[in-house]
Amino acid sequence: MFEFSVIGGRTARDIIGRSRKQIVEEVRATYLAHEDGDSVNPNSYFLRFPDKPDSRIIALPAYLGGEHNVAGIKWISSFPGNIKNKVPRASAALLLNDYETGYPFACLEASQISAARTAASALLAAEELTGRRTTQRLTIVGAGIIARNILEFFHAQEWQIDDLVIHDRIPAYGQAFADYATDELDYPARVEESLDTAITSADLVVFATTAGEPYVLHADTFVPGQTVLNVSLRDIGPEIIAGAQNILDDIGHCMTANTSPHLAEQKYGHRDFIDGTLAQVIRGTVEIATDRPVIFSPFGLGVLDLAVGTHIYRTAQESGEAVEISDFFGETQRW
């Protein structure tokens with residue numbers, strides 16, 4: 001009852017690396033459980049700083065029922081200024097709580113978990129929205145850690161990618177990512193410095209940037225037949241959103257914090273452009289449009305962190321990779 005474990009980032013990444021297919025299934029099951037109401041996922045809380053308007057630390061509390069039956073909270077920071085010092089933008093910790101007693105039983109380094117659940121969500125959306133595991137041209141906008149994780153999940157699911165195009169506002173980052181994709185994942189990757197050219201003729205487009213406000217603004221940027229994974233949430237202007245089929249992970253959560261769909265709601269005064277959730281697509285109650293581009297916008301739910309975190313915790317326990325702290329709690333008797 002009073003055991004407490006710590007699982008570091010290297011261990012978490014090793015476990016993720018050998019279980020990506022299972023993580024995709026965990027994310028699928030969690031979306032369905034959330035759709036069925038077997039979860040509690042309050043609004044995230046954003047801690048912002050007056051002298052660092054681009055930086056934030058976010059608290060994501062959640063409860064996930066079913067076989068997990070676990071509560072917890074992820075505390076994740078986003079400091080884009082880190083990048084200029086060659087330090088990752090995001091860092092995070094995940095605390096897991098026993099549902100029966102409320103006692104925390106594990107703390108996990110969670111930047112790996114956050115990246116994995118984001119990548120698994122994007123991969124799942126790509127498969128559900130396109131109905132396949134092939135793409136003639138995949139364009140990834142952004143060449144950071146999230147983008148790398150997304151491509152690793154595509155690789156784990158054995159996607160066939162005929163042409164992989166990378167665009168980053170810093171070409172050297174794009175080239176490093178393209179080299180990794182070619183050398184480590186055996187995908188034919190190249191860098192395209194023009195965003196418009198990168199998007200044109202791509203049947204699948206992934207946005208994985210640190211953008212704080214839209215810069216893709218022309219209403220005809222995307223065409224019918226294109227699927228767009230709006231992972232970073234703020235790259236796309238409201239005019240584009242209004243003209244597309246929009247699939248979200250959770251409507252209430254995504255329509256906050258000036259995401260692209262939220263900006264569209266503020267501009268047009270309604271939510272008529274929202275067609276449903278990914279869980280509804282999985283269950284077949286929402287059909288994919290063929291007359292418009294399809295955009296998936298995932299806000300990123302705390303229940304996904306719990307699902308992936310619990311998977312890593314259980315695996316680390318079974319393999320002996322978790323670090324046990326036997327005396328973490330100072331008092332275990334009331335009197």
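Tyrosine 103 is partly exposed, because its relative accessibility is 28%. This value, like every other one here, comes from a predicted model.

**Rings around tyrosine 103**

The rings of tyrosine 103 and phenylalanine 329 pair edge-to-face, because their planes stand at 70° and their centres lie 5.0 Å apart. Tyrosine 103 belongs to the loop between strand 6 and strand 7, whereas phenylalanine 329 follows strand 16 (323-324), so the pair ties together parts 226 residues apart in sequence. Phenylalanine 329 is buried, because its relative accessible area is 17%, and the cut-off for buried is under 20%.

How many aromatic pairs does the model hold? The count is eleven. One of them joins phenylalanine 2 and tyrosine 103, again edge-to-face. Phenylalanine 2 sits in the segment before strand 1 (5-7), and tyrosine 103 in the loop between strand 6 (90-98) and strand 7 (104-109). Phenylalanine 2 is partly exposed, with 23% relative accessibility.

| Pair | Centre to centre | Angle between planes |
|---|---|---|
| Phenylalanine 2 and tyrosine 103 | 5.3 Å | 75° |
| Tyrosine 103 and phenylalanine 329 | 5.0 Å | 70° |

These rings belong to one aromatic cluster, formed by Phe2, Phe4, Tyr103, Phe328 and Phe329.

**A charge over a ring**

Another ring has a charged neighbour. Which residue places its charged end over phenylalanine 153? Arginine 20 does, at 5.7 Å from the ring centre.

Is strand 9 mostly covered or mostly open? Strand 9 spans residues 160-167 and is mostly covered, with six of its eight residues buried.

Strand 9 pairs with strand 8 (residues 134-141). The two run parallel and share seven bridges. Strand 9 also runs parallel to strand 10 (residues 189-191), with three bridges between them.

Valine 165 has a partner in each of these neighbours. Threonine 139 stands opposite valine 165 of strand 9. In strand 10, arginine 190 is the bridge partner of valine 165.

Helix 4 (residues 145-156) forms a right-handed β-α-β unit with strand 8 and strand 9. Helix 5 (residues 171-185) forms a right-handed β-α-β unit with strand 9 and strand 10.

Definitions and conventions. Residues are numbered from 1 along each chain as its sequence is written. This is a predicted model: local features need pLDDT of at least 70, side-chain atom pairs count only at pLDDT 80 or more; totals for chains, interfaces and linings use all residues. Side-chain values use heavy atoms; hydrogens and water are left out. Rings of Phe, Tyr and Trp (its six-membered ring) pair if their centres lie within 6.5 Å; planes under 30 degrees apart count as stacked, over 60 as edge-to-face and the rest as tilted. Helices (H or I, at least four residues) and strands (E, at least two) are DSSP runs, numbered from the N terminus. Buried means under 20% relative accessible area, exposed over 50%, partly exposed in between (1.4 Å probe, protein chains only). A charge sits over a ring if NZ of Lys or CZ of Arg is within 6 Å of the ring centre and within 35 degrees of the ring normal. Two strands pair if DSSP finds at least two bridges between them. A crossover is right-handed if, with the strands pointing away from the viewer, the path from the first strand over the helix to the second runs clockwise.
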